Amino acid sequence: MKKTILLTIFVIVGGVGIVTYVRDGSTSSPTSHSIRPAEDPGSTASSAPVSSPPVLTQMAEPASATAAVALSKSFTRESAAAKVEAARSSRDPLSSYQAAKQIDACASVDSNLEAWMSALTRAVNNSEQHRALTTLVQLTQAQQRDCQTLSSEQLSQRDKLLETAAQGGVEGAASEYWETVPSRRGEKWLHDGVQQDAKQGDTAALFAAANRATQITADPVAAAAYRVALISIAESSFGSSSDKAYASIAAGWPVPQTNLTEDERKQIQTLAAEIELNAEKRRAKSSPKN
């Protein structure tokens with residue numbers, strides 16, 4: 001019965017009119033990024049790297065109806081504080097990533113709850129939408145209580161936990177670290193990690209790696225392949241609104257190919273095709289029905 005209710009939330013709550021950015025099947029962190037769309041991708045290293053498109057940074061609350069399903073699965077007997085402490089002690093990359101995401105979720109829980117409660121007051125009593133929102137409010141209240149176990153010192157460990165995850169090769173961690181900790185963008189280990197995420201079809205990573213201004217890669221073949229893959233993913237049947245936002249900017253970048261050999265052009269198409277396939281597999285894996 002519980003599963004049925006949660007699936008109902010996922011299907012119905014979209015009708016409330018709440019807009020969000022869901023990053024490859026999971027809710028993004030409630031952080032603010034900047035972007036300069038007019039940035040010349042061929043500019044020098046001194047240029048400020050381009051970050052997420054504005055549409056991805058307007059974090060309307062709550063994060064998503066999809067979060068209801070994830071939220072219900074996130075509750076364990078272990079408190080949020082205990083999870084963070086365990087990750088800090090073990091330095092396990094996956095546990096560190098999960099703890100960082102826990103902190104991200106807690107950063108927006110109050111505004112999420114406020115928005116769900118506001119939506120609930122507008123829903124028709126005893127309707128499916130009303131019941132779905134009631135369940136979601138209850139879940140978010142439970143999450144809020146769990147978040148209150150975290151100390152300010154534990155909350156401050158978010159970037160360090162994400163760094164541990166990124167350096168440990170956890171999928172998606174490097175691209176998230178790139179977006180949210182811009183002061184570290186010049187480091188090679190992070191460039192390597194973002195490229196690894198890009199090759200797995202992470203569109204945020206593809207957007208960063210394809211832009212020559214970021215200098216993530218000096219290989220023009222790889223950079224071109226990332227751009228081709230990003231645009232193709234956005235145009236595919238599984239492309240999301242966030243993918244399209246990234247691609248709309250990348251499509252405007254100048255891509256000089258006059259010096260590319262025929263072999264290099266084939267390498268671009270081959271790598272781009274591999275990335276697209278990986279992206280499709282990732283989306284299938286993160287689909288709510290799975």
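The model is predicted: local features need pLDDT of at least 70, side-chain atom pairs count only at pLDDT 80 or more, and totals for chains, interfaces and linings use all residues. Residues are numbered from 1 along each chain as its sequence is written, and side-chain values use heavy atoms, without hydrogens and water.

Start with the cysteines. A disulfide here is a pair of cysteine sulfur atoms within 2.5 Å. The count is 1. C106 and C147 form it, with sulfurs 2.0 Å apart. C106 sits in helix α4 and C147 in helix α5, 41 residues apart. Helices are DSSP runs (H or I, at least four residues), numbered from the N terminus. Buried means under 20% relative accessible area, exposed over 50%, partly exposed in between (1.4 Å probe, protein chains only). C106 is buried at 11%, and C147 is buried at 9%.

Next, the rings. Rings of Phe, Tyr and Trp (its six-membered ring) pair if their centres lie within 6.5 Å; planes under 30 degrees apart are stacked, over 60 edge-to-face, the rest tilted. There are 3 aromatic pairs. Y177 and W189 have centres 5.6 Å apart and planes at 50 degrees, so this pair is tilted. Y177 is buried at 2%, while W189 is partly exposed at 23%. F207 and Y246 are also a tilted pair, 5.0 Å between centres and 40 degrees between planes. F207 lies in helix α10 and Y246 in helix α12. Ring pairs join F207, Y246 and W253 into a cluster.

Last, helix α10. How many of its 8 residues are buried? The count is 8 of the 8, so α10 is largely enclosed by the rest of the structure.

How values were computed. Helix = DSSP H or I, 4+ residues; strand = E, 2+ residues; numbered from the N terminus.
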